[in-house]
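The sequence and structure are shown below.

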Amino acid sequence: MNTEHVVIRCLGRCKPFDWLMVFALVTAGFTVHAATSPANVLEKGRQIYQEGVLSSGKPLVGMRLDKVKVEGAQAACVSCHYHSGMGSVEGNLQIQPISARFLFGEDKALAVMDVRGDKRFNVTHPPYTDESLATTLRTGINNNGVELNVLMPHFDLNKEDMAALTAYLRQLSNQWSPGVTADKIQFATVIAPGVEPERSKAVLDILEHTIAQKNANTVPRKQVGRRRHMVSSAEMVLGTERRWELHVWELQGHPDTWQKQLDKYYREQPVFAIISGISNTTWQPVQSFCEHQHVPCWFPSVDLPPDNAGHYSVYFSKGVAVEAGVLAKYLHSKTDRPHRVIQVYRDDYVGNHVAKDFTNALLGSGIKVETRILHDNKQQELLKELQGLAANDVVMFWLRPADLASLKDIAQPLKATSYFSAELMGGERGPIPESWKSTARLVYPYELPEQRRENLELFYAWFMRNKTLLVDEPVQAETFFAVEFLSKTISEMLDNLYGDYLLERARNMIGSEEVVMAEEIARERGKQGIPVTAGSNKRESTTIYPHLSLGNGQSFASKGAYIVRLNDGGKLVAESEWIVP
Amino acid sequence: MKNISNSQSIRCLLLFAGWLVCGYTLGANDKLAPAASSYQRSEAAYEVPDVMLVRQDGKKVSLKKELNDGRPVFLNFIYASCTTLCPVLSHVFSKTQEQLGKERDKVHLVSISLDPENDTPAKLIEYGKKFKAGAHWQHYTGTKQDSVTVQKAFDAYRGDKMNHTPTTFLRASPGKAWVRLDGFLSPDDLIREYHNLIKPE
């Protein structure tokens with residue numbers, strides 16, 4: 001007897017009990033449907049895969065090394081196979097991909113590429129079935145009859161859990177992310193309002209030029225015969241090179257409206273990632289867009305990213321927040337601590353946040369922290385007040401070049417020591433008042449100039465060839481790196497173009513890739529007979545930062561800063577070691 | 001007995017040739033996994049470097065002093081954001097401290113960060129909590145340079161932290177040789193190695 005029959009029967013002459021039965025049947029129908037609905041099953045599978053929680057709510061349990069039990073989060077597939085299911089290489093351990101195409105696909109051309117693990121042309125086993133997958137998980141023997149790695153736990157899941165996990169795996173990274181087609185990848189960059197036109201133009205010029213050059217060299221699979229340059233052998237055989245298209249997403253108005261604007265841009269043109277970008281104020285709405293739409297936000301040039309980065313964003317550093325932490329730690333550790341620090345800043349998003357960060361960082365240090373907001377037309381008054389400070393006072397200027405310039409011409413010598421933010425000034429070439437230069441200090445989150453010149457060989461070479469104007473070296477060098485590193489990472493992903501995988505590779509490999517690139521550049525210099533300069537002990541970086549490093553769950557690649565001063569010749573001299581707050 | 005026709009044998013030959021070609025590309029996938037609990041044991045006289053590290057309680061400490069308070073030392077290298085190899089190593093430490101029972105108060109478990117710039121003392125405490133690290137199991141961070149110095153001293157430096165291999169070190173007391181255990185071992189293995197080490201001769 002089904003629900004229909006009961007209802008029809010009731011419409012005639014129903015007793016309350018009949019209606020109760022109808023209600024019960026309908027509700028039961030819905031409940032059963034809900035419990036086994038595809039969405040529900042997938043969610044159960046996701047919980048097993050990502051959290052190590054079974055349908056029963058109990059922890060997933062696995063046996064490793066035949067006697068070591070692992071459970072819960074530590075047993076979860078994600079901890080070795082990652083969100084994308086693409087696995088990775090750690091030490092000597094090669095963790096296999098377990099995404100849909102690799103487990104169940106028939107695509108023999110699929111491959112994974114890792115410079116440390118040799119190029120591997122995968123899918124060497126027949127496609128798994130529901131049964132053979134369950135068997136493999138239970139016995140640790142794959143469907144080629146080969147034992148899995150000793151670290152892979154054995155899992156004995158019940159029918160419901162196995163069905164849920166299998167359903168989850170069958171859709172895991174089973175298609176390219178939005179913005180990817182067989183021949184093209186779509187990207188966007190984001191320009192926030194309020195950025196100096198010459199700086200946003202500098203970012204766009206680098207993006208457009210480097211991408212155009214990449215495209216000029218790219219020959220998509222249909223025209224393989226006309227290839228004009230060597231790509232990796234894997235790309236050549238598999239024809240996975242694609243052309244890139246860049247869209248410029250300019251934001252307008254109040255930050256509260258930005259996320260909606262981005263959603264609209266994305267609806268009209270889905271993109272694989274947001275590459276670079278620039279903002280003088282908040283970046284939170286862009287990060288929220290990326291988090292919500294699962295789009296990687298790739299190394300923007302921003303002075304103050306959100307402190308909590310989320311999964312989909314990777315940044316060069318925490319910007320001025322690092323500077324605040326470093327300066328506080330430095331001043332606190334000095335034997336001749338200043339009596340008082342006056343912070344001068346603009347009443348804007350960055351100014352207000354960094355002043356608060358710095359004040360908090362010095363709580364309990366015994367150093368008095370005061371704040372002064374810079375107002376237009378009040379520069380003279382401010383300077384007069386600063387004149388009255390004692391020698392053991394410190395003034396920290398959280399100011400951009402335009403604001404410093406307004407002080408520069410009217411500034412008189414200071415007794416107090418002045419500190420400046422290299423981040424906000426765009427490096428050491430900012431307009432520091434002449435009479436202050438001999439005692440001025442900079443909080444300097446970059447590599448020191450001589451070593452940095454070596455790091456940026458490739459960037460400078462490109463610069464000269466393209467006759468580009470140097471407007472803001474840090475931002476331009478950052479943008480250049482963003483494209484280069486993205487290009488390298490994507491080429492190694494071959495046909496596995498999933499947003500999660502892009503970020504996993506970036507997080508795991510940025511450190512080692514930088515070292516490989518730096519060593520290559522050094523070798524080239526050696527071949528060309530270019531003499532070795534003073535700062536050439538390190539082969540770790542191709543950027544303005546001493547080293548970039550990330551990891552699972554990490555989003556800020558550079559974590560510290562130097563304190564530097566200017567010597568008589570205007571040259572930068574380190575006053576401290578690299579400080580990490 | 002059925003005779004194999006010519007076309008069939010050609011097909012067989014081609015399949016075999018194809019298999020040979022594929023075999024070259026099979027690479028690491030089908031390598032036999034090492035037998036469970038196979039690890040290599042060796043001994044070495046590593047010199048503990050004279051560096052200051054930052055212990056998980058935030059104190060700046062001399063590594064030499066930390067390792068030389070007379071207690072037997074178990075030592076490994078980890079980093080807080082590692083989700084693959086490090087949890088295995090730390091899990092073994094965790095089970096070992098459990099299985100040692102009262103004996104654990106006599107030993108010093110030491111885990112040194114391969115990613116000190118990210119691994120603040122707070123992050124290390126959080127990491128240790130996942131493995132129920134007791135008071136005798138301390139995690140250490142410091143500067144990038146000092147971490148590299150310590151890794152090199154133990155011949156455990158492999159460049160980027162992602163290149164690290166699973167290695168556990170044991171020393172019965174200051175002045176004695178270090179025992180190096182490369183590979184994956186179970187808590188039982190580790191305890192057996194430890195007992196063999198401190199056995200009176």
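## Exposure and model

The model discussed here is predicted.

## Positive phi at B:Lys132

B:Lys132 is a residue other than glycine, yet its phi is positive, near 55°. The residue belongs to the loop that joins helix 4 (121-130) to strand 6 (137-141) of chain B. Because B:Lys132 has 12 C-beta neighbours inside 10 Å, it counts as exposed.

## Positive phi at A:Asn377

In chain A, a positive phi of about 70° is found at A:Asn377, which is not a glycine. A:Asn377 is placed in the loop between strand 13 (368-373) and helix 14 (379-387) of chain A. A:Asn377 has 7 C-beta neighbours inside 10 Å and therefore counts as exposed.

## Packing of helices 10 and 11 in chain A

Two packed helices are described by the angle and the distance between their axes. In chain A, the axes of helix 10 (residues 258-268) and helix 11 (residues 284-293) come within 8 Å and cross at roughly 45°. Helix 10 of chain A is therefore oblique to helix 11 of chain A. The crossing of these two helices is right-handed.

Helix 10 of chain A contributes A:Trp258, A:Gln259, A:Leu262, A:Asp263 and A:Tyr266 to the contact, while helix 11 of chain A contributes A:Pro285, A:Val286, A:Ser288, A:Phe289 and A:Gln293. Of the residues in this contact between helix 10 and helix 11 of chain A, six are nonpolar, three polar and one charged.

Technical notes. Residues are numbered from 1 along each chain as its sequence is written. Chains are lettered from A and ligands numbered from 1 in the order in which they are written. This is a predicted model: local features need pLDDT of at least 70, side-chain atom pairs count only at pLDDT 80 or more; totals for chains, interfaces and linings use all residues. Axes are lines fitted to C-alpha atoms, for helices over the stretch in contact, and angles run from 0 to 180 degrees between N-to-C directions. Helices (H or I, at least four residues) and strands (E, at least two) are DSSP runs, numbered from the N terminus. Angles under 35 degrees count as roughly parallel, over 145 as roughly antiparallel, 65 to 115 as roughly perpendicular and the rest as oblique. A crossing is left-handed if the near helix is turned anticlockwise from the far one by less than a right angle, and right-handed if clockwise. Two residues are in contact if their C-beta atoms, placed from the backbone, lie within 7 Å. Ala, Val, Leu, Ile, Met, Phe, Trp, Tyr, Cys and Pro count as nonpolar, Asp, Glu, Lys and Arg as charged, and the others, Gly among them, as polar. A residue is buried if 20 or more other C-beta atoms lie within 10 Å of its own, exposed if 12 or fewer, and partly exposed in between; C-beta atoms are placed from the backbone.
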